[in-house]
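Hi,

Here is the structure for your files. My notes on what turned up follow below.

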Amino acid sequence: MALSAFFFYLFAAVTVASAVMVIGARNPVHSVLFLILAFVNAAGLFVLLGAEFLGMILIVVYVGAVAVLFLFVVMMLDVDFVELRQGFLNYLPVGALIGIVLLAELLLVVGGWVFAPETAPAAPVVPDVSNTEALGLLIYTRYVYFFQAAGLVLLVAMVGAIVLTLRHREGVKRQSVAAQVARTPATSIEVRKVESGKGV
């Protein structure tokens, strides 16, 4: 018990420190690296809670794809961060208001759990079933339609992003497969009779 508590406080402290450094680091590349560190430690917290599937998903999806993609985008784009920071004071009141609202919501949730522990959500424990199997049984039986709807929303978002970013430049020759397949010898071959001695 003492060992699990030690690892919990270790992972939690590193996660909070990494989250602070994400918004406090001056270099955006360092911010993304601290974000990856926060994801890894949050995955450790999930494993300690017995939700090993969520921990592995956090590593594979967020660290392996999203955070690395952020890192590549930040490193490839030549963004003038000095110019971006010039209007920081203009957005400070709105940001402070949003931060206060989020802090109040967190305090209400945590305070509700402290003063009324029976209101805290408790996941049902299924005996002799692993965490991953129980999650799969729940998603693909009771919430299968919501799961399919979420997948459809993601598909529509992906197609919409492709359509919005696809730009056809004028003056650029593009291949038309339909026009190539529809060609006939009459439209693709031209036979000319060249007089003797007047060829190339």
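The protein averages a pLDDT of 81, where pLDDT is the predictor's confidence in each residue, from 0 to 100. A score of at least 70 is reached by 87% of the residues. Helices are DSSP runs (H or I, at least four residues), numbered from the N terminus.

This is a predicted model: local features need pLDDT of at least 70, side-chain atom pairs count only at pLDDT 80 or more, and totals for chains, interfaces and linings use all residues. Residues are numbered from 1 along each chain as its sequence is written, and side-chain values use heavy atoms, with hydrogens and water left out.

Helix packing: the axes of α2 (residues 28-48) and α3 (residues 52-76) come within 8 Å and cross at roughly 175°. Axes are lines fitted to C-alpha atoms, for helices over the stretch in contact; angles run from 0 to 180 degrees between N-to-C directions. The crossing makes α2 roughly antiparallel to α3 (angles over 145 degrees count as such).

Best wishes

How values were computed:
Helices (H or I, at least four residues) and strands (E, at least two) are DSSP runs, numbered from the N terminus. Angles under 35 degrees count as roughly parallel, over 145 as roughly antiparallel, 65 to 115 as roughly perpendicular and the rest as oblique.
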